[in-house]
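Look at the sequence and the model below.

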Amino acid sequence: MISTKGRYALRFLVNLSRLGKDGQASLKDIAKEEDISIKYLERIAHDLSKKGIIQGSQGKGGGYKLKKDADTLSIYEILSAVDEELSPVACLKCGPSVCNRKDSCPTLGIWKEYGKVTKDYFSSIMLSSLSSSSFKDQNSEYETEYFI
């Protein structure tokens with residue numbers, strides 16, 4: 001399950017991406033607009049800055065802007081930057097070798113495949129596709145809206 005931190009990181013970056021390539025915004029403004037605690041947003045911004053996804057500037061007119069292009073920044077990269085764990089089961093978080101049942105586990109294969117599908121799915125969605133108010137599921141015959 002994606003944590004609040006992961007969801008907030010996505011909302012933060014969608015907000016920045018809507019400002020365009022050179023647009024920037026203060027954490028205070030984004031926190032207010034997205035209804036996120038400023039302290040929590042500061043921790044998220046720190047993680048994203050450390051991974052080179054955003055860049056901050058101080059002083060009058062300062063704020064944060066995307067350092068990476070929204071067209072090439074995947075949702076997987078964002079979630080990984082804020083330490084989201086996308087492994088479906090604990091034994092895959094540190095690798096299957098830590099599990100003493102790895103050689104006899106009849107379900108390990110499905111969990112590996114599920115993890116791969118999840119990674120591939122989030123890797124295929126770029127931040128720019130979330131810049132509209134909703135994301136349409138391209139693989140569904142039904143029109144589905146996902147809100148973050």
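Residues are numbered from 1 along each chain as its sequence is written, and side-chain values use heavy atoms, without hydrogens and water.

The protein has six helices and four strands. Their order from the N terminus is α-α-α-β-β-α-α-α-β-β. Helices (H or I, at least four residues) and strands (E, at least two) are DSSP runs. Of the 148 residues, 34% count as buried, meaning under 20% relative accessible area.

Helices α1 (residues 4–17) and α3 (residues 38–50) pack with their axes 10 Å apart, at about 75°. The two are therefore roughly perpendicular, a label for angles of 65 to 115 degrees. The residues of this contact divide into nine nonpolar, one polar and two charged. Contact means heavy atoms within 4.5 Å.

| Helix | Contact residues |
|---|---|
| α1 | Thr4, Lys5, Tyr8, Ala9, Phe12, Leu13 |
| α3 | Tyr40, Leu41, Ile44, Ala45, Asp47, Leu48 |

Now the confidence. pLDDT is the predictor's confidence in each residue, from 0 to 100. The protein averages 85. Mean confidence is highest in α3, at 96, and lowest in strand β4 (residues 145–146), at 57. Where pLDDT is low, the predicted coordinates should not be read in detail.

Note on methods:
Predicted model: local features only at pLDDT ≥ 70, side-chain atom pairs only at ≥ 80, totals over all residues. Buried < 20%, exposed > 50% of the residue type's maximum accessible area, 1.4 Å probe, protein only. Axes fitted to C-alpha atoms, helices over the stretch in contact; angles between N-to-C directions. Parallel < 35°, antiparallel > 145°, perpendicular 65-115°, else oblique. Nonpolar A, V, L, I, M, F, W, Y, C, P; charged D, E, K, R; others polar.
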